[in-house]
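Work through the exercises below with the sequence and coordinates at hand. Each task is followed by a stepwise solution.

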Amino acid sequence: MDMSLFRSRRLWIPGLALLVLVGLATLPLYGSLYMTILMTAILMYIILTVSWVIFSGPSGYLSLASAAFFGVGIYTSAILLPTKGAVLPVLVVVLIAGAISFVVAVLVGALTLRLRGIYFAIFTFGLVELIKQVLIFFEISVTGTRGRFIMLVDTHTIFYIMLGIFVVLMLTAYFIRRSKFGLALRSIGENEEAAAHSGVNVTMVKVITFGISAVFMGAAGAVIAMRWTYIDPYIAFNPLFSFLPVLMAIFGGLGQFYGPLIGAAIFAYLEEVLLTKFPYYYMLIFGCVLVGTMLFMPMGLTGLIQRGWRRLIGGQHADA
Amino acid sequence: MRMLEGEKVTKYFGGLAAVLQVDFYVEQGEIFGLIGPNGAGKTTLFNLISGAFTPKSGVIKFKGEKISGLKPYKICRMGMARTFQEVKIFANVPAVQNVALGALFGAPKSVSTAEATKEAEELLDFVGFAVPKNIPAGGLTLANQKRVEIARALATKADMLLLDEVMAGLTPTETAEAMELVKRIRDRGVTVFLIEHVMRAIMGVCDRIMVLHHGEKIADGTPKEISTSKKVIEVYLGE
């Protein structure tokens, strides 16, 4: 058998990607409504994780601001798509949510990306709390509400918008990784000072990438808000959405492009299964899975897959 | 023509004057050496020139333009590149891409990725890098990491190179190769400003030398003048 065709990643990776995409796009035709809803949630986690990886993966800046941008998206939906009738078309609202998240990220990034290491992580986490508290204050003292209801949107529409965001995100992530911009971002993560002295405008590269990653988080938030139909500041700015992307990315493995994607997909599915099958022990089992991952798969799932792959094809294809 | 000029350059760390009222200039096409005991302020002066620090007072001019206060990437794009005392390379990035980064971002004119890679390969050959160019830079020997750093600096199409102790930690053979390389860099038309501890090396390659001590300039002149200067001998050898 000719193994070279089989080995060539140029052929089978895009092929596989296309197959998965077709499978997803036609899901509402053969799958149940529950499947569509579940896939929407999984896609949401993938979007959060991969967009987190776009910035934090190569740059080494641990951002815990995901929940902030996600929440900004959720609130954009809540304000522009109230139950009494939409102000704007659904798709436009999603784009606006992405744009607002971008602006917030660029402003915050310009102020804070000079902070390094743990200081940056803590500040970004503080941002989630800050926006949440300001919003609570505003809702109580000005609008006199705590939560908001969102217009009902068709489940399939929600699914397809989420899928669209996912596709655009994957293309963006791929091109950033392959471009000179990606090389600059990596060099910042490896040695920021050397990058700056080699002509990289480090502040701009960091701020722009931070902004790009926030676009997708905001857009995903806007879409999922239509599914949740009721939100309040505690739901929208839940710090869990800052931590989950990090955990999912590590679970999948940061070494490979597809690592965070697989990690988020399996992680989200696992969460759903555990939550429905073992509602009382789900957090406990989940914790055990995480500890096991850290102990036995330090390179994440993809590390494990690669080891198996190398054994399968004879080992001469190290991680090229 | 004066390539680089500093006038009363001063930098304090807290109450300590790391660099105090230092005047210097580097002529186009020369190899200019900077020596001095540990803590004399040599690397601080490099950091001031390359934009890592801003001087508290004084002016630094490059090609006649004031550069003190500019961001490092701007100074780099004006044609000044540097290496570091502790090599700063991108450890998990292939050597050739380490160098290509300089061509992609540091050069005044933008180039395509393919051109940058080609330039990077040529420069790695030029600096005597003789191992596969796709090896991640972190796995290279110190001498080769320094070669990568120099190639990256050259890739920015720099007219002037600041070399901070390129010979430290090298074997005698490697030191000789490095000296040779410094001369070849100058022959390409690049002005070289270097900090060095290896006396034999600096006396052998430099056209002029400046000596710093406790942040102040105590002497400058030709290698011969420096090696016979009473003040310099006092500082280095004690009375």
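**Exercise 1.** Find which residue of chain A forms a salt bridge with K88(B).

Solution. Apply the criterion: a side-chain nitrogen of Lys or Arg within 4 Å of a carboxyl oxygen of Asp or Glu. K88(B) pairs with E193(A), with the closest N and O atoms 3.3 Å apart. The rule finds one salt bridge across the interface of chain B and chain A.

The model is predicted: local features need pLDDT of at least 70, side-chain atom pairs count only at pLDDT 80 or more, and totals for chains, interfaces and linings use all residues. Residues are numbered from 1 along each chain as its sequence is written, chains are lettered from A and ligands numbered from 1 in the order in which they are written, and side-chain values use heavy atoms, leaving out hydrogens and water.

**Exercise 2.** State how many residues each chain gives to the contact, and what area the two chains bury.

Solution. Count contacts (heavy atoms within 4.5 Å): chain B gives 22 residues and chain A gives 17. Next, take buried area, the accessible area (1.4 Å probe) that two parts lose on being put together, summed over both. Within the area that chain B buries against chain A, Y73(B), F90(B) and F105(B) supply 30%, more than any other three residues.

**Exercise 3.** Locate L11(A) in the secondary structure.

Solution. Helices are DSSP runs (H or I, at least four residues), numbered from the N terminus. L11(A) lies in helix α2 of chain A, residues 9–25.

Definitions and conventions: Helices (H or I, at least four residues) and strands (E, at least two) are DSSP runs, numbered from the N terminus.
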